[in-house]
Amino acid sequence: SNFKKMYGVPPYKYVVRERLNQAYRLLETRERSSTDIALSLGFKDQSHFNKSFKNAFDCIPRSLR
């Protein structure tokens, strides 16, 4: 509960948000595929990554390419 007070979200949501922020930065560099980025950041599959990314940034990963 101290974590949530400090960061405004539970630990799991914080970790997911940080992974998505990292994915955003990696997608902007265009050096790796979105599938490779998704799997390397711990998403179970591309579909789960796309859905989470859209919820966080209101755009799909492909639109950054």
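The legends below describe close-up views of a predicted model of one protein chain. Residues are numbered from 1 along each chain as its sequence is written. In this predicted model, local features need pLDDT of at least 70 and side-chain atom pairs count only at pLDDT 80 or more, while totals for chains, interfaces and linings use all residues; side-chain values use heavy atoms, with hydrogens and water left out.

Figure 1. The protein chain contains 4 helices and 0 strands, where helices (H or I, at least four residues) and strands (E, at least two) are DSSP runs numbered from the N terminus. From the N terminus on, the order of the elements is α-α-α-α. The C-alpha trace spans about 40 × 20 × 20 Å along its principal axes. Of the 65 residues, 26% count as buried; buried means under 20% relative accessible area, exposed over 50%, and partly exposed in between (1.4 Å probe, protein chains only). Among contacts with a separation of 6 or more, 39% are between residues 24 or more positions apart, a contact being heavy atoms within 4.5 Å.

Figure 2. Helix α4 comprises 12 residues, 46–57, and should span 16 Å at 1.5 Å a residue; the expected span is 1.5 Å times one less than the number of residues. The end C-alpha atoms of α4 are 16 Å apart, which agrees. After α4 comes D58, whose phi is positive, near 55°.

Figure 3. The residues F49, S52 and F53 of α4 are buried. They cover an arc of only 100° around the axis, which puts them on the same side of α4; the arc is that of the directions from the helix axis to the C-beta atoms. An α-helix has 3.6 residues a turn, so residues three or four places apart point the same way. The cover over the buried residues of α4 includes α2 (11–29) and α3 (34–40). On the face turned away from the buried side are the exposed residues S47, K51 and N55. S52 has a relative accessible area of 15% and touches L20 and F43, not counting residues up to four places away in sequence.

Figure 4. Rings of Phe, Tyr and Trp (its six-membered ring) pair if their centres lie within 6.5 Å; planes under 30 degrees apart count as stacked, over 60 as edge-to-face and the rest as tilted. The count comes to 8 aromatic pairs. One of them, F3 with Y14, is edge-to-face, at 5.4 Å centre to centre and 80° between the planes. This pair links F3 in helix α1 (residues 2–7) to Y14 in helix α2, 11 residues apart. Y24 and F53 form a stacked pair, at 6.1 Å centre to centre and 10° between the planes. Y24 lies in helix α2 and F53 in helix α4, so the pair ties together parts 29 residues apart in sequence. Y24 is partly exposed, at 26% relative accessible area, whereas F53 is buried, at 0%.

Figure 5. Ring pairs join Y24, F43, F49, F53 and F57 into a cluster. Over the ring of F43 sits the charged end of R19, 4.4 Å from the ring centre. A charge sits over a ring if NZ of Lys or CZ of Arg is within 6 Å of the ring centre and within 35 degrees of the ring normal.
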